[in-house]
Amino acid sequence: MTKTLPETELEDGDEDVSVSLEAAPIVLKLTSEMCGVRLDKALSQLIPQYSRSRIQQWIDAGHVTMDGDTARAKTLVLGDETLIIQPQSAPDEQAYKPEPMDLSIVHEDSALIVINKPAGLVVHPAAGNWSGTLLNGLLHRFPANGGVPRAGIVHRLDKETSGLMVVARTLEAQTDLVRQLQARSVKREYLALVWGLPQVTGRIEAAIGRHPRDRIKMAVSTSPSAKPAITHYQRLATGSIDGRAVSLVRCQLETGRTHQIRVHMQSMGFPLVGDPLYGKPHLASTFGRQALHAYRLGLIHPASGDECAWSAPLPDDLSALLVSAGIDADNVD
């Protein structure tokens, strides 16, 4: 059953959650009407509920036999063969399966879960990451979240960004949290290490859209399709790496656009240390990921109405990076 998802600031391209069951083998006895027709075309006519590309994939992968032998798409059938098709789920249909996973739970109650996501964990299934995501782990740890769109996920962190995320446990809580995101009342603060020396405080208000030449990247844009984005930042400390100045900055989001902090800081001339997409290419090996951690999260509890806030300490790799830059990570507030 497909569930309607409330409007949210998740990245573009997300689909509603749907569940499919493994299909039983399909057995077909061809008739003389199919004589001289290519096998793949014959199957497209006989099982029109499946796309030609899906049928082609099954044939190529050996999931279709003809009279007991592995079939070939270009074979011309005679019209008396027996075909057996083993339908296979598309990768995206495998995306919503529970998978055991160690999750760092900061808070848990009947309405929501707060998770400290490690770097390297993808939040939501998508092309190239149909399994091993936070969503898969949530469905295993909290099976009831299978009844909530996107397993309760209401916002994202990039794969290589660590830190706090809130996940709803009910549709009512998810709807409320999404509304808080839309109202910009959810407080999200990040710590980032950037190249250079930005001014002590600043406010970046610049719309973000797809990069005009590189569709993988986002960019500050004046395109009509670009979305408003606002980031506040404060320089907390300075140091150096290999003789180059770096600054530890606290960033607070008003909006939640894809790659927002990374794009905004790069647009000001202060890319994140280790950022492979927006950083300095010749310095990419300095750190194994973008130096970004979501360390504070505040919101109104959707059930009690209380103001709630959580924090997550810097992960070991980012703490070590600050030490190497001569910045006292223990005094970061």
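Trainee: What is the relative accessible area of Asp 317?

Mentor: Asp 317 has a relative accessible area of 33%, which makes it partly exposed. The scale works as follows: under 20% relative accessible area is buried, over 50% is exposed, and partly exposed lies in between, using a 1.4 Å probe and protein chains only. This is a predicted model, in which local features need pLDDT of at least 70 and side-chain atom pairs count only at pLDDT 80 or more, while totals for chains, interfaces and linings use all residues. Residues are numbered from 1 along each chain as its sequence is written, and side-chain values use heavy atoms, with hydrogens and water left out.

Trainee: How many residues does the protein chain have, and what share of them is buried?

Mentor: The protein chain has 333 residues, and 47% of them are buried. Its C-alpha atoms fill a box of roughly 80 × 50 × 40 Å along the principal axes. The secondary structure comes to six helices and 15 strands. These elements are DSSP runs numbered from the N terminus: helices are H or I with at least four residues, and strands are E with at least two.

Trainee: Which residue meets Asp 317 in a salt bridge?

Mentor: The general idea is that side chains of opposite charge can pair when their charged atoms come close. The rule used here asks for a side-chain nitrogen of Lys or Arg within 4 Å of a carboxyl oxygen of Asp or Glu. The partner of Asp 317 is Arg 289, at 2.8 Å from N to O. This pair links distant parts of the chain, 28 residues apart: Asp 317 sits in helix H6 (residues 316-324), and Arg 289 in the loop between H5 and strand E14 (292-300). Arg 289 is buried, at 3% relative accessible area.

Trainee: How many salt bridges does the structure hold?

Mentor: There are nine. One of them joins Arg 262 to Asp 158, with N and O 3.0 Å apart. That pair also connects distant parts of the chain, 104 residues apart, with Arg 262 in helix H5 (residues 260-267) and Asp 158 in the loop between helix H3 (134-141) and strand E7 (162-168). Arg 262 is buried at 6% relative accessibility, and Asp 158 is buried at 15%. Asp 158, Arg 262 and Asp 275 are linked in a network of salt bridges.

Trainee: In what order do the four strands of the open sheet lie?

Mentor: Two strands pair if DSSP finds at least two bridges between them. Here the order is E1-E4-E2-E3, with antiparallel pairing. Strand E1 (26-29) and E3 stand at the edges with a single partner each, so one side of each has no neighbour in the sheet. Strand E2 (residues 64-66) and E4 pair over three bridges; in E4, Ile 85 is the bridge partner of Val 64.

Trainee: Which strands does helix H1 lie across?

Mentor: H1 (residues 39-46) lies across E1, E2 and E4, at about 70° to E4. Such axes are lines fitted to C-alpha atoms, for helices over the stretch in contact, and angles run from 0 to 180 degrees between N-to-C directions. Contact means heavy atoms within 4.5 Å. The buried residues of H1 are Leu 39, Asp 40, Ala 42, Leu 43 and Ser 44, and their cover includes E1, helix H2 (52-60), E2 and E4. Asp 40 also forms a salt bridge with Arg 38, the closest N and O atoms being 2.6 Å apart.
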